[in-house]
Amino acid sequence: MKIKEVTLRQLKMKMLFPFTTSFGTFQEKEFLVLEAKDGEGNSGWGESVAFHSPWYNEETVKTNWHMLEDFLIPQILNKEINHPDEVSEMFAYIRKNNMAKSTIEGAAWDLYAKQQGISLAAALGGEKKNIDVGISIGIQKNVEDLLQLIDEYVSEGYKRMKVKIKPGWDVDVIREIRKKFPGIQLMADANSAYRLTDIDRLKQLDEFNLMMIEQPLASDDIIDHLQLQKEISTPVCLDESIHSYEDARKAIELGSCKIINIKIGRVGGLTEAKRIHDLCQQNDIPVWCGGMLESGIGRAHNIALTTLPNFTMPGDTAASSRYWERDIINPEVTVADGTITVPENPGIGFEPNLETIKQFTTFEKTYA
Ligand SMILES: O=C(O)CCC(=O)c1ccccc1C(=O)O
Ligand SMILES: [Mg+2]
């Protein structure tokens, strides 16, 4: 296949709720959507999960635009590509910038699947017809509000609750949740808010039967996490620390985690995500698909990836209506009884709605 034309759009969408992590709060989402055309009427779509500011990792909307415009798009425009696995090889000389790479790599995968007339899930080798999903809940004003939200999401059928924690919003909060919901699948995500010196506090979480604690320590660490995992019984799950197959291999060999959260953007695309999935499967490390508050396009990629067999734990890909008044795909992503039905039509399986996309677009440029 050949990508003959690329359109990059910057969108701004207001989220239905403010999202607060250990880093801060935001409610407006600015992000990039990429459309890759093959000249035969097919469009492949990708979404950049980089945020406006570099709080989650070093990438931003602007650095992604720069990388795409000046390096990544020129690198693959009009080149013959036999299989989307080749895209990450073509980008191999470019260091990091994984979210930028993933934006166009994801579009290439969608385009390839559409040309083959198969779903993206099938192109990746996934077989699940339905996927289980949980929900990620930000830090709230008070525990009552949090308990109320959990109550709503439990009634909606979400399969597991993930709550954000930070020092001062952790042990007591989890205790209250457990008191009210003794049986739910519950986990906590710290987004790197702790240090090894907090070990006594983190040990106190052991009594609450959490499925895991996600990224408790530094965002670039796999050594202190090993030390922590030795001392606590709650399984450690790594998110921010894993950027590649090699990172995953080292973390697994060391014993720094028992579970890995795979985010397509964080690892540079679907090919690398699949390699990490396969490695984890061989090593009995369960994986689940993380979320980055995506629009429907990124959400669709997450759903396709999650059809692979070692995604045995519910992911963070909740319904469109949880985030957006109006999503940019048709149909929107819906969740029933905590599961999403995987679409079977070609590619990502959801149709990007150009009219809605244009409505939220603040800037666009076409490269051919
Ligand atoms: O609902 C979602 O998309 C996932 C929410 C979430 O936990 C998250 C959102 C933004 C950045 C990082 C994370 C995370 O998993 O750490
Ligand atoms: Mg996380």
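Me: In which strand does Asp 189 lie?

Reply: The model is a predicted one. In it, Asp 189 belongs to strand E7, which covers residues 186-189.

Me: Why is Asp 189 called buried?

Reply: A residue counts as buried if 20 or more other C-beta atoms lie within 10 Å of its own. Asp 189 has 26 such neighbours, so it is buried.

Me: Where is Asp 239 found?

Reply: Asp 239 sits in the loop between strand E9 (236-238) and helix H9 (245-254).

Me: What makes Asp 239 count as buried or exposed?

Reply: The cut-off for buried is 20 or more. Asp 239 has 22 other C-beta atoms within 10 Å and is therefore buried.

Me: Which residues does UniProt list under "binding site"?

Reply: The unreviewed UniProt entry lists Asp 189, Glu 214 and Asp 239. They are spread over 51 residues of sequence, yet they cluster in space, with a largest C-alpha distance of 9.2 Å.

Me: Which residues does Asp 239 touch, leaving out those up to four places away in sequence?

Reply: Asp 239 touches Glu 214, Gln 215, Asn 261 and Gly 290.

Me: Which residues are around ligand 1?

Reply: Among them are Asp 189, Asp 239, Ser 136 and Gly 290. By class, the shell has 4 nonpolar, 4 polar and 3 charged residues.

Key: Residues are numbered from 1 along each chain as its sequence is written. Chains are lettered from A and ligands numbered from 1 in the order in which they are written. This is a predicted model: local features need pLDDT of at least 70, side-chain atom pairs count only at pLDDT 80 or more; totals for chains, interfaces and linings use all residues. A residue is near a molecule or strand if its C-beta atom, placed from the backbone, lies within 6 Å of it. Ala, Val, Leu, Ile, Met, Phe, Trp, Tyr, Cys and Pro count as nonpolar, Asp, Glu, Lys and Arg as charged, and the others, Gly among them, as polar. UniProt positions are given in the numbering used here, feature names are shortened, and annotations may be inferred rather than shown by experiment. Helices (H or I, at least four residues) and strands (E, at least two) are DSSP runs, numbered from the N terminus. A residue is buried if 20 or more other C-beta atoms lie within 10 Å of its own, exposed if 12 or fewer, and partly exposed in between; C-beta atoms are placed from the backbone. Two residues are in contact if their C-beta atoms, placed from the backbone, lie within 7 Å.
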